[in-house]
Amino acid sequence: MKSLENKLEEEVPPKPATSTSPPWNPMTKTQYFSQMKRNENILIQVAFSMGLGSMWRFPYLCLQNGGGTFILIYFFMLLLFGIPLLYMELIMGQWLRLDNIRVWKHLMPWLGGIGYSSILVCMLMSLSNSIIIAWSLSYLGHSFHHPLPWSQCPLLKNISVTDLSCLQTMSHQYFWYHSILYASGRIDEGIQVLVLKLAMGIFAAWSLLVLTMIMGLKISMPILVFLVFLPFVILLCLLIRGFFLEGAVIGLRRMVTTELSAWASLDLWRQAGGHVLYSLGLGMGVIINISYKAGSNNYAQVASLLATVNLVTSLLATSIIFMVLGFWTTTSGHACIKKSISEMMDLINKGLLPQDAEPPKDILLQPSPSLVYLDWINSLPGHLKYQVIHFSPSCSIKAQKEQFMQGPGLAFAAFSQAVSLLPGGSFWAIIFFLTLCIMELRTFTIVSEGIIFPLQNCMSIFRNHLSLLSVVVCLGGFLGSIIFTSHAGSYIMSLFHENLVPLILVVIVAFQNMGLACVYGAKRFREEMYGELGHLIWSFYTFLWCYVTLPGLLALLTLFLIHLYQRMPPHYVAWNSSMSQEVKEPYPESALGWATFLSVLTFLPVPVHSLHHRWFLRDHTVTNPFGKLLNKKTPVVPRTSLPWPKHPLRTWNVAPQDRSRENAGKRFSMTPLRKLSLPWSMQSQSSSWFSLPLISSLTSAFSTRSAITPSRKQVSPAAMTLGGKNLAQQIKEESSEDICQETSDTAHSSNEQSHPVPGEGADVPLATEISGSEETEGEESEGDSPSNR
């Protein structure tokens, strides 16, 4: 038996002699637009991956898990898990040209509920992404003030002892918790009270989304390129400015420091693996939806490019944030008090503060200068206390040797500090937070498209009323995301992004990997993709799908379940106003109960769809009058095409070798899940390892009415025709064939020679296709009819 590569070389005819002058190619313009569509598709995927936590989630996970150790583990899991799984979703979407719901119904009908679970995950992601847009819009609104409001303690009408909390921490951290979130002390406090500014922000986000969906707004190619490269330009500017900050080297050293003992932490592996799936958008079905619209054969290069851009964006943002953390650590404590006294004396000399506001000269000589400094400010009259607090520098009088901030607010506080240090801070703040809003809105739109478009394709009521589904989804999303605008909204968002969403993504991706590698078969999938790519995919990917990613996902799932349901409940970071610092609080049982309920609700479509499919299959088998005959022998029929052609732009100008490969791919791709009875001449060649009987018994047991080829064409049994004959006539002829089989050995041998099968014929082209044109099917029908025999 010859390998595919050898047979492919034998099939390629010699190239005809060509003239020196290149002929005019009528496909040049079409190929140009096709290439532009592919480039646009790649840019959309890049913009989508950049907005999924690269600038706000990765930095605080890196700070929380030891800096360089987390980066190394994340990079390791990105190579072994992220890129292979991303490649799997890219190639599936382009191969089948179906959305994330129908792709699993065609591959494995009993696992068709995976698509619906992906839609539920997209709903949860869109709810939490809307509050990130609201935070960015709130910062954008404050960026128009000069000076920037987070660069100093805010002006307060009523001065009390508790207002000194702004001096005990960074003004940027104080601004985040008191002016943006109005955060409560616990997750179960202040849920009933909403923050009006944040509620208006999520209303604006959902309103922009519904207008985009209804009007069908498209972004031109130049604008898309500009929006992709603009964040990198801003991050590079902030990175250059950060190098000149005091303590920047200390922060970078902490970022790259690794500890070998930390590699034994299971929680570190859990968070790194969960963020790999989260940052690449795996399990949400969005990658499948994007890739089936346009793409190319370089799926491995596209997957590597997306992972590289995501990693570079995360490292740039993390470097800036760690340099700001080093600056905060260096300028806090004794250095902050010294700077405060110096600035107070300058303001007194300029006449902006009265002489009564002069601080004591021996504060720095005291054993506890921070407490003495606070007592001095507290002893001032009300109007002087008001002015001193307002003109105090943006540093902490308490020595901060531990972590300043944790959670999603770290990125907003650190970036607000970084842009305020640039010349013309208000301008840079407007540009940065406007870019952040656009990035998050783009990701928000793509995730919402993963909800709306698959449902439109599956439900006829929404297919006829395209705007209805958009309005329903956006209205429901707005009502569901209101809880994130409460005083405890940031804690609820942390519960979503640290415990709920990563757990669901791990389960969905594990189902996808198991279904493709084990049920459908990695080797069979590799053979099917030969017809799509013209060459075999790298066998290393199939090895990873079977022996690396699937066991790793199951181990990762175990770690998430242990973390969520251990004896000591997981913790979240809360703000203690009296102490002016962050504290760790355990999640209450009610919060963990809601997380369990939402996770079960998200997984529910998988078993429900499987039971529904099995029940419908049994009912269909009993009530179908043709069921017994079709199970005995089903003729090969030309089936109607799906809405998306396989390669509409390749059919005009195809080289002979490419046409041979395309025909060979169609031949090899004809492997329906049910057991088909081919014409007698094809049945005799079933020993080939590319023949139709090479189908998993498990898969064929669950599906008797689905076809899975890229050129899937389906008709109802009553409407099947073959060469102008209806189904009843064909069944009658096939029955007469069964009777005459014992007396037609000579005809059988002649038919075997006229229908060779790849793998057993030595020098035969692979141009025969099962689901070809009507003329080819008609010739096969005439050759196998009883009258010809």
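**Reading the model, feature by feature**

Biologist: Which residues does W135 touch, not counting residues up to four places away in sequence?

Modeller: Contact means heavy atoms within 4.5 Å. By that test, and leaving out residues up to four places away in sequence, W135 touches W176, I180, L181, L198, P408, F412, S490 and M493. Keep in mind that this is a predicted model, where local features need pLDDT of at least 70 and side-chain atom pairs count only at 80 or more, while totals for chains, interfaces and linings use all residues. Residues are numbered from 1 along each chain as its sequence is written, and side-chain values use heavy atoms, with hydrogens and water left out.

Biologist: Which residues have the most contacts inside the largest nonpolar core?

Modeller: Start with burial. Buried means under 20% relative accessible area, exposed means over 50%, and partly exposed is in between, using a 1.4 Å probe and protein chains only. A nonpolar core is a set of buried Ala, Val, Leu, Ile, Met, Phe, Trp, Tyr and Cys residues joined through side-chain atoms within 4.5 Å. Here the largest one has 179 residues, and W135, F415 and F525 have the most contacts inside it. Helix α21 (residues 489-533) gives the largest share of this core, 21 residues. Another core, of 24 residues, lies apart from it, with L164, L374, I377 and I397 among its members.

Biologist: How many helices and strands does the chain have?

Modeller: Both are DSSP runs, numbered from the N terminus: helices are H or I with at least four residues, strands are E with at least two. The chain comes to 31 helices and four strands. Of its 789 residues, 54% count as buried.

Biologist: At what angle do helix α3 and helix α11 pack?

Modeller: Axes are lines fitted to C-alpha atoms, for helices over the stretch in contact, and angles run from 0 to 180 degrees between N-to-C directions. Helix α3 (residues 57-64) and helix α11 (residues 266-280) pack at about 170°, with axes 11 Å apart. So α3 is roughly antiparallel to α11. The cut-offs: under 35 degrees is roughly parallel, over 145 roughly antiparallel, 65 to 115 roughly perpendicular, and the rest oblique. R57, F58, L61 and Q64 of α3 meet Q271, H275 and Y278 of α11.

Biologist: Is Q271 buried or exposed?

Modeller: Q271, found in helix α11, is buried, with a relative accessible area of 10%. Q271 touches L61, Q64, N65 and F70, not counting residues up to four places away in sequence.

Biologist: How many bridges join strand β1 to strand β2?

Modeller: Two strands pair if DSSP finds at least two bridges between them. Six bridges join β1 (residues 571-576) to β2 (residues 581-586), and the strands run antiparallel. One case is A574, whose bridge partner in β2 is V583.

Biologist: Which residue takes a positive phi in the hairpin of β1 and β2?

Modeller: Most residues other than glycine have a negative phi, and most peptide bonds are trans. In this hairpin, with four residues between the strands, S580 takes a positive phi near 55°. S580 counts as buried, at 2% relative accessibility. Y182 also has a positive phi, of about 50°, although it is not a glycine. Y182 lies in the loop between α7 and α8 (196-215) and is partly exposed, at 35% relative accessible area.

Biologist: Which peptide bond is cis?

Modeller: The bond from H146 to P147 is cis, with omega near 0°. P147 lies in the loop between α6 (113-142) and α7 (171-181).
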